[in-house]
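Q: Could we go through a model together, so that I learn how to read its helices and loops?

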Amino acid sequence: MWTDLLVPVSLDAGRGDLDLSVGWADRWTATWKYAGDEVTGPVRHLGQVPVASRGPMRGFTWRREQKHRPGLESLMATGRLHGFESLEEDQFLVALDFAGDLVEVLAQPLRIRFRSAEKWRRHTPDFLAVTRADTWLIDVRPRHLIAPENLESFAAVDEVAVACGWHYVVAAEWRPHVRSTLGALYGKRRPTRDVLGVQGDLLAQAEGGVTFGELAAAQAYWPVARAQLLHLLWHRRLGIDLSQPLTDRTRVVRAGGVS
C-alpha cells in the first residue's frame, strides 16, 4: 500500500472540538468548481460529484520573493501536467505516480466549511486522488509545520472523507530512503527503447529473486542493464522493498512481489 511509505500522523488531538453532532454532514458544506463556477452543497452529497467534472479551487501563480515553490509535475499515470504549491507537494505527486496505482489526481479539489468550537472554519485539501482501489483526500505538510489548527482542519477533512466513503491521509514525513529511491528511479520513468534487448533477460532472471547488482552484472552491457532496471522498476514490471535503500544488494522480484 502506497500509504505505508508515509510515517502516520495522529489526528486525535484535532478532533475534540469538532461539531460532529447529529446532522453535521448536512450543516457542513463543500464547495468545488464546475465549468469555472463555484458550486456549494452539503458534505453528504460530495461523494456523488464526478471527479472528472471538477477544476482546482484556485490557480497556481509564480511571483518574485514568494516563500513557497509552485510548479507543474508531469505524471506518467495521467499523461498530464499537475500543479503543486511546494517542493513537498511535488515529491508527493512523484511518489503517488510511482506507487499509488493512480488513475486521476486534482490539486486544490474543494473547500470544506466546518464547525469547530462555536466557530465556522474553512480548509482546502491539497489533492484529491483516484486510484484503482480507492479515492483519497490528501494534505501535504511537513511534520514540523503542523500547528494545532492544522490538526483540527485535517481531522475535519478525515471526517468528510469517511462520510463520502473515501480515505484521507496527511503526507508529513516519508519513511527513510523513500526520497532517495524515488530520486534514482525518477529519471528513468520516460518511455525508452530497448535497443540491445536486455529487458527480456532481466525479467526472466528476476524470477529467481536475485539482487539489483547481480541482475546488472549478468548482462554483457551492464551500464545499459542498470538503466533498463530502473525503468522496469518505475513501471512496476519489477519490484523492490521501498522501506530499504536502493543499492546493489537490493533484492529484485517480478511485479507483484512487493509494494
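This is a predicted model: local features need pLDDT of at least 70, side-chain atom pairs count only at pLDDT 80 or more; totals for chains, interfaces and linings use all residues.

Q: What span should the 13 residues of helix H8 have, at 1.5 Å a residue?

A: The 13 residues of H8 (residues 222–234) should span 18 Å, and the end C-alpha atoms are 18 Å apart, which agrees. H8 is followed by Arg236, whose phi is positive, near 60°.

Q: At what angle do H3 and H5 pack?

A: In general, two packed helices are described by the angle between their axes and the distance between the axes. Here H3 and H5 pack at an angle of about 70°, with their axes 11 Å apart, which makes H3 roughly perpendicular to H5. H3 passes H5 in a left-handed crossing, where the contact is made by Glu88, Gln91, Val94, Ala95 and Phe98 of H3 together with Arg179, Leu182, Leu185 and Tyr186 of H5.

Q: Where does Arg175 lie, and which residues is it in contact with, leaving aside its neighbours within four places in sequence?

A: Arg175 lies in the loop between strand S11 (167–171) and H5, and is partly exposed, with a relative accessible area of 33%. Apart from neighbours within four places in sequence, Arg175 is in contact with Asp4, Leu5, Leu6, Val7 and Pro8; the backbone oxygen of Asp4 lies 2.6 Å from a polar atom of the Arg175 side chain.

Key: Residues are numbered from 1 along each chain as its sequence is written. Side-chain values use heavy atoms; hydrogens and water are left out. Helices (H or I, at least four residues) and strands (E, at least two) are DSSP runs, numbered from the N terminus. The expected span of a helix is 1.5 Å times one less than its number of residues. Buried means under 20% relative accessible area, exposed over 50%, partly exposed in between (1.4 Å probe, protein chains only). Contact means heavy atoms within 4.5 Å. A polar contact is a pair of N or O atoms within 3.5 Å; within protein, one must be able to donate a hydrogen and the other to accept it, and residues adjacent in sequence count only if both atoms are side-chain atoms. Axes are lines fitted to C-alpha atoms, for helices over the stretch in contact, and angles run from 0 to 180 degrees between N-to-C directions. Angles under 35 degrees count as roughly parallel, over 145 as roughly antiparallel, 65 to 115 as roughly perpendicular and the rest as oblique. A crossing is left-handed if the near helix is turned anticlockwise from the far one by less than a right angle, and right-handed if clockwise.
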